[in-house]
There are 2 protein chains.
Amino acid sequence: MKSIAVVGYGVIGKRVADAINVQDDMNLIGVCDVISDWRIQNAIRKEYDIYAATAEAEKEMKAASIPAKGNLQDLLKKTDLVVDCTPKNIAAKNVEIYKKLSIKFILQGGEKHHTTGHSFSAENNYQSAINLDATRVVSCNTTSILRTLTTLKRADLLDYARGTLLRRATDPWESHLGGIMNTMVPEKDIPSHQGPDAKSVDPELDVITAAVKVPETLSHMHYWNVKLKKQATKEEVLNAFKTSTRIKLINYDQGLVSNNTIKEMFLDMGRPWGDMYEVALWEDMLKVVGDELFYAYVVDNQAIVIPETIDAIRALTGIETDAAKSIAKTNISLGII
Amino acid sequence: MKSIAVVGYGVIGKRVADAINVQDDMNLIGVCDVISDWRIQNAIRKEYDIYAATAEAEKEMKAASIPAKGNLQDLLKKTDLVVDCTPKNIAAKNVEIYKKLSIKFILQGGEKHHTTGHSFSAENNYQSAINLDATRVVSCNTTSILRTLTTLKRADLLDYARGTLLRRATDPWESHLGGIMNTMVPEKDIPSHQGPDAKSVDPELDVITAAVKVPETLSHMHYWNVKLKKQATKEEVLNAFKTSTRIKLINYDQGLVSNNTIKEMFLDMGRPWGDMYEVALWEDMLKVVGDELFYAYVVDNQAIVIPETIDAIRALTGIETDAAKSIAKTNISLGII
């Protein structure tokens with residue numbers, strides 16, 4: 001069984017580790033970070049093998065009685081593939097190490113496309129990632145864009161898409177460090193980077209985005225205007241969206257009227273951290289006017305890339321060469337139904 | 001000189017009263033409300049004649065030593081035109097009184113178009129309001145839509161417009177009563193009402209809006225995708241926007257990166273309450289891609305309709321039959337340059 005390491009045990013890394021740990025066709029060989037505080041205790045509770053990312057971190061872990069098994073080099077000796085979830089600058093340095101050791105690796109969406117030469121979104125381009133040395137799972141927002149637009153494209157409905165992205169201010173656990181308060185902060189440039197980034201997976205997409213940060217921490221929200229290739233019914237559009245197993249159609253009339261109510265439902269469902277791996281798209285709000293389509297959805301920025309990362313592991317290691325089978329396996333393991 | 005009364009001394013009413021008071025071609029005859037607390041003290045400080053809206057309010061004002069000159073009926077005897085700024089249900093009842101007494105009246109955008117049969121936006125349809133008995137100044141969001149799209153239409157650039165409206169959670173002074181916190185709340189229906197409402201002034205406009213409430217109190221923000229009639233340069237679009245005296249082009253590179261910085265600038269300028277009567281539109285963010293135009297702007301929901309209301313008074317009373325002259329006069333009086 002392939003041995004998978006998680007380097008960087010932050011908001012994404014801890015989720016990826018848990019998700020690997022529940023698969024029956026891959027082995028979580030260890031997690032690696034520099035932290036010695038409450039955050040690494042979670043890995044101890046879960047009995048993951050812990051590795052220190054630096055010599056200094058190894059000392060600090062010993063001082064804090066954290067049972068480190070060794071350092072990054074020790075971990076990499078046992079590893080077939082690394083999922084690197086470290087912050088931007090660190091990942092770039094780590095990549096050189098993985099390449100030297102000929103270890104396959106997966107980066108997260110904060111990195112540039114050229115770092116791996118391949119960007120990944122399971123329902124779109126799984127096949128092209130099979131047996132590659134490296135890929136990059138695109139960011140939360142870009143993942144949501146690809147999932148939704150890919151279904152419309154497959155149904156031959158998509159001409160072009162224009163989106164306004166309302167971004168959460170900061171991650172919940174870091175909100176004490178200062179997000180924005182009682183204001184909104186637009187991204188300076190239109191198009192914002194997410195639209196062009198979607199083309200790193202699917203160059204054919206005609207998509208332009210604008211983005212603005214709002215003072216809340218739960219999730220992102222997107223509003224889309226899509227030009228359809230032809231007049232279509234609402235039912236045709238919904239049927240297209242339903243071909244994705246990772247779009248969850250929700251209804252305003254069911255009381256799901258906001259980010260916080262959606263979050264509470266996923267906590268009710270017992271998902272770890274209330275994680276929403278799916279794009280939650282409002283079915284009753286969705287509107288078709290002639291050949292134009294309007295809809296809105298919510299994106300859990302901490303969770304949406306987790307199933308994508310598991311699929312990327314299967315593709316790169318060649319454990320599974322059928323996209324649909326990998327996606328189904330991942331979905332079942334994470335409770336996506 | 002025509003005598004103008006302000007009925008409803010809330011967030012809009014107090015601003016309208018001040019704006020009337022600085023005009024040299026109309027007379028503020030009095031303000032009328034039911035309140036006896038800190039809010040009416042502002043009218044006392046400004047030495048406005050105060051009237052009680054109901055018999056009960058008259059008693060309460062006496063008990064609170066507020067020097068009420070009489071009741072609504074007393075005020076209306078001296079009035080040529082009422083600007084009604086009361087909440088929705090009350091305005092509907094008042095309208096019957098104004099009609100019975102043959103007093104001209106102006107309603108705010110919360111009321112329906114059919115209540116007056118005419119909806120007003122100065123730069124668009126001033127002429128059609130001249131000497132009418134009543135009009136309705138459209139809401140803050142609708143005013144901003146009309147101002148911006150009217151300039152594009154005049155320049156023969158506008159094909160159709162699609163907007164996403166990020167609405168402030170509540171008015172600043174009422175935020176202790178509970179706005180939304182750490183979440184976003186979409187309006188259930190697409191299109192939201194603002195797009196269709198703009199057609200009450202200009203039926204030719206092809207405009208569709210979607211709206212979402214965000215947890216901040218300073219102002220609204222709009223993101224627009226506009227289909228142009230033809231390919232155009234950024235300069236052509238900016239030149240169109242510059243034909244409105246009530247669109248203020250701002251630059252992100254000047255540090256104006258958010259609602260709160262824009263608000264602070266208007267406070268620096270010494271505007272009452274930091275009011276921004278203009279639509280503040282980001283010049284450097286604005287992007288033209290082929291025949292598509294993308295831009296974002298900020299709307300001060302408490303202030304934008306104030307100059308419109310002054311112009312509506314001039315139109316209805318016939319004080320000024322030239323739209324441009326009224327707009328210029330109002331602009332100078334309020335410091336819009």
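Let's start at the contact between the chains: 42 residues come from chain A and 42 residues from chain B, with contact meaning heavy atoms within 4.5 Å. Before going on, the ground rules. This is a predicted model, where local features need pLDDT of at least 70 and side-chain atom pairs need 80 or more, while totals for chains, interfaces and linings use all residues. Residues are numbered from 1 along each chain as its sequence is written, chains are lettered from A in the order written, and side-chain values use heavy atoms, without hydrogens or water.

Now the area. The size of an interface is often given as the accessible area lost when the parts come together. Here chain A and chain B bury about 3,600 Å² between them, and 63% of that is on carbon and sulfur atoms. Buried area is the accessible area, taken with a 1.4 Å probe, that two parts lose on being put together, summed over both. Three residues stand out on chain A. A:Met184, A:Lys188 and A:Ile190 supply 21% of the area that chain A buries against chain B, more than any other three residues.

The rule finds four salt bridges across the interface. A salt bridge is a side-chain nitrogen of Lys or Arg within 4 Å of a carboxyl oxygen of Asp or Glu. B:Lys188 forms a salt bridge with A:Asp253, with the closest N and O atoms 3.1 Å apart.

What classes make up the side of chain A that touches chain B? That side divides into 23 nonpolar, ten polar and nine charged residues. Ala, Val, Leu, Ile, Met, Phe, Trp, Tyr, Cys and Pro count as nonpolar, Asp, Glu, Lys and Arg as charged, and the others, Gly among them, as polar.

On a 1 Å grid over the protein atoms alone, a cavity is a set of points where a 1.4 Å probe fits but cannot get out; lining residues have an atom within 4 Å of a point. Points are joined across faces, edges and corners, and a volume is the space filled by probe spheres set on them. The largest cavity has a volume of about 140 Å³. Its lining has 14 residues, with A:Tyr160, A:Arg162, B:Tyr160, B:Arg162 and B:Glu292 nearest the centre. By class, that lining has six nonpolar, two polar and six charged residues.

One residue to look at: A:Arg167, in strand S9 of chain A. Strands are DSSP E runs of at least two residues, helices H or I runs of at least four, numbered from the N terminus. The side chain of A:Arg167 makes a polar contact with the side chain of A:Glu187, at 2.7 Å. The C-alpha atoms of A:Arg167 and A:Met221 are separated by 6.6 Å, though 54 residues apart along the chain.

Last, backbone geometry. The peptide bond from A:Ile190 to A:Pro191 is cis, with omega near 0 degrees. The bond from B:Ile190 to B:Pro191 is cis too, again with omega near 0 degrees.

Key: On a 1 Å grid over the protein atoms alone, a cavity is a set of points where a 1.4 Å probe fits but cannot get out, and a pocket is an open set with protein on both sides within 12 Å along at least five of seven lines; lining residues have an atom within 4 Å of a point. A polar contact is a pair of N or O atoms within 3.5 Å; within protein, one must be able to donate a hydrogen and the other to accept it, and residues adjacent in sequence count only if both atoms are side-chain atoms.
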